[in-house]
Amino acid sequence: MIEIRNCSKAFGKVQAVNQVSMDIGEHEVFGLIGSNGAGKSTLLRIMAGIICQDSGEVLLDEQPVFENEKIKEQFFYIPDDAYIPANYTASDMTEYYRCFYPGFRQEQFEKLIKQFHLDKKRKISTFSKGMKKQLLVILGICAGTKYLYCDETFDGLDPVMRQAVKSLFASEIMNREFTPVIASHNLRELEDICDHIGLLHKGGILLSRDLEDMKFHIHKIQCVLTDKSKEEMLIKELDVLKTEHQGSLLLLTVRGTRTEIMERVQAKNPLFCEILPLTLEEIFISETEVAGYEVKNLF
Ligand SMILES: Nc1ncnc2c1ncn2[C@@H]1O[C@H](COP(=O)(O)OP(=O)(O)OP(=O)(O)O)[C@@H](O)[C@H]1O
């Protein structure tokens, strides 16, 4: 389990991570999402022990991570801009990682590199961005670590490769102790694979929740009520995040379960009513809007 407690990190005047606390449980796919500059990469770099937090603590299986070589064998970190030494081939990379990760699975590497149609003898500097990401995912999987940290790894893969990587993660999760932590802007992709979502904004954590639970507690309503006073009453009664009108149609984004919301709306005898779950992208937009991050504030 990864425990992040009151973790903060500043670069000069920029507070990149601000008092973040969250737990990342085992056997779950954890999605780290957030606005640009929210602190996702900084948090992953702290979790990977690349940089040290200014205050707070980050524990992996109850051990501090920074300058703890033993605990670093437990995770593999794929940064957004991974450094690969010039002239290195994929085979050279396995030699390097075999020294560091005692459980490195060479056989699985040989199998996967063929399945992904990558040439292990070719210089990695000649690979495309997506091919480099594929290779890093393969190396990360074959390292055999309990945790895999991916910084925007999915974002550079084509749809077929994203599907292949998702299947690979699913099979690893089924067959061994494996917990991927994935920072990404590709919310549709994360929605398919994540069990838990942490949402960062301006260095702070806006929410950390099971995806299913999150979707269970936020909905959009489309309804038509017979008069304005009913609309006003309904808006007062519900925990409304956003209100819009399209002609006579009232559109609300509301916190609450479907049943709770349905009861309130039905009591107003609507002419029409539909209650729908939000996609992760819609949840992201409404939660960050509440925190003041709105398109209309940007322009
Ligand atoms: N080495 C650094 N020196 C100075 N400022 C930094 C450094 N690394 C990150 N920052 C700042 O910290 C903040 C958080 O950056 P970070 O890269 O963690 O965000 P992010 O959520 O990963 O963003 P994005 O989604 O745009 O990749 C930003 O304001 C960034 O400019």
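Author: A term to begin with: Ala, Val, Leu, Ile, Met, Phe, Trp, Tyr, Cys and Pro count as nonpolar, Asp, Glu, Lys and Arg as charged, and the others, Gly among them, as polar. The shell around the ligand has four nonpolar residues, six polar and one charged. This is a predicted model, where local features need pLDDT of at least 70, side-chain atom pairs count only at pLDDT 80 or more, and totals for chains, interfaces and linings use all residues. Residues are numbered from 1 along each chain as its sequence is written.

Reader: Which residues surround the ligand?

Author: F11, V14, A16, G34, N36, G37, A38, G39, K40, S41 and T42 surround the ligand. A residue is near a molecule or strand if its C-beta atom, placed from the backbone, lies within 6 Å of it. Helices (H or I, at least four residues) and strands (E, at least two) are DSSP runs, numbered from the N terminus.

Reader: Which element gives the largest share of the shell?

Author: That is α1, with three residues.

Reader: And β2, what sheet is it in?

Author: An open, antiparallel sheet of four strands, in the order β2-β1-β4-β5. Both β2 and β5 (63-64) are at the edges with a single partner strand each, so one side of each has no neighbour in the sheet. Two strands pair if DSSP finds at least two bridges between them.

Reader: How many bridges join β1 to β2?

Author: Seven bridges link β1 (residues 2-11) with β2, and the two run antiparallel. A10 is opposite Q15 in β2. The helix α1 packs on this sheet, where it touches β1, β2 and β4 (55-60), and its direction makes about 60° with that of β2. Axes are lines fitted to C-alpha atoms, for helices over the stretch in contact, and angles run from 0 to 180 degrees between N-to-C directions. Contact between two residues means C-beta atoms, placed from the backbone, within 7 Å.

Reader: Changing topic: what domains does the chain have?

Author: Domain 1 (2-211) and domain 2 (217-298), with bounds from an automatic or database domain assignment. Their C-alpha centres lie 36 Å apart. Eleven residues of domain 1 and eight residues of domain 2 take part in the contact.

Reader: Which element supplies the largest share on the domain 1 side?

Author: There α7 supplies the largest share, four residues.
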